[in-house]
Amino acid sequence: MHRVGQFFGHVTARVDPDEVARARSILPAGAWQLFEGMPTSDRRHGLDVMGRLLTAGRDDPELLAAALLHDAAKGRRMRLWHRVGAVLLEALTPALLERLASPDPASRRYPFHLYLHHAELSASLALGAGCGERTAAFIRGSAAGPDAAAAAALLAADEAS
């Protein structure tokens, strides 16, 4: 049922101008351009994740930037049918998903690679867009030490949608 809700959320995603202004105030200029170029459904998801963090009392700007950009690498190459297929394959036959995924951007199977590796790829895009290593670590899921609890909160906020 959770995945059905995700599907309809993806199809009907909208972004409010006030939310966009809030995101813009958090992100560095280059990262703002990265966020603005994301598909509406991914921007909506990032805003929802950020909202959950704020509701939980997490207002660290680098954590919020990670929430907004954690799916940036999925981009426009990953269509809805790729997402649905990847989720099904991951649940039923993860080894087949791994075999289908191609790291070659020219391949029609590249979106499956994006699905599997979007955290690392999104972290690299965030770094290239002016975010710091700490934001990238949150996106990768590799934040440790004093940031481990914040990273866990980001993961929980992401998985809640």
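Before I start, a word on the ground rules: residues are numbered from 1 along each chain as its sequence is written, and side-chain values use heavy atoms, with hydrogens and water left out. Since the model is predicted, local features need pLDDT of at least 70 and side-chain atom pairs count only at pLDDT 80 or more, while totals for chains, interfaces and linings use all residues.

Let me begin with the whole protein. Its secondary structure comes to ten helices and zero strands, where helices (H or I, at least four residues) and strands (E, at least two) are DSSP runs numbered from the N terminus. The radius of gyration is 15 Å, close to the 15 Å that the globule rule gives for 161 residues, so the protein is as compact as a globular protein of that length; the radius is taken over C-alpha atoms, and the rule is 2.2 Å times the number of residues to the power 0.38. Along its principal axes the C-alpha trace spans about 40 × 30 × 25 Å. Of the 161 residues, 42% count as buried, and by buried I mean under 20% relative accessible area, with exposed being over 50% and partly exposed in between (1.4 Å probe, protein chains only). Among contacts between residues at least 6 apart in sequence, 66% join residues at least 24 apart, a contact being heavy atoms within 4.5 Å.

Now to helix α8, residues 110–128. Although this helix has 19 residues, its end C-alpha atoms are only 21 Å apart, short of the 27 Å that a straight helix would reach at 1.5 Å a residue; that expected span is 1.5 Å times one less than the number of residues. Where is the kink in α8 centred? The kink, of about 80°, is centred on His117, the bend being the angle between axes fitted to the seven residues ending there and the seven starting there. The buried residues of α8 include Tyr110, Pro111, Phe112 and His118, and among the elements that cover the buried residues are α3, α6 and α9. After α8 comes Gly130, whose phi is positive, near 105°.

His113, in helix α8, is buried with a relative accessible area of 15%, and beyond residues up to four places away in sequence it touches Ala101, Ser102, Pro103 and Leu121. His45 sits in helix α4, residues 40–55, and counts as buried at 15% relative accessibility; leaving aside neighbours within four places in sequence, His45 is in contact with His70, Asp71, Asp158 and Ser161.

Finally, the aromatic rings. How many aromatic pairs does a search of the whole structure find? It finds one. The ring centres of Trp32 and Phe35 are 5.8 Å apart and their planes are at 35°, so the pair is tilted; here rings of Phe, Tyr and Trp (its six-membered ring) pair if their centres lie within 6.5 Å, with planes under 30 degrees apart counted as stacked, over 60 as edge-to-face and the rest as tilted. Trp32 and Phe35 are three residues apart in helix α3, and are therefore separated by about one helical turn. Trp32 is buried, at 6% relative accessible area, and Phe35 is buried too, at 1%.
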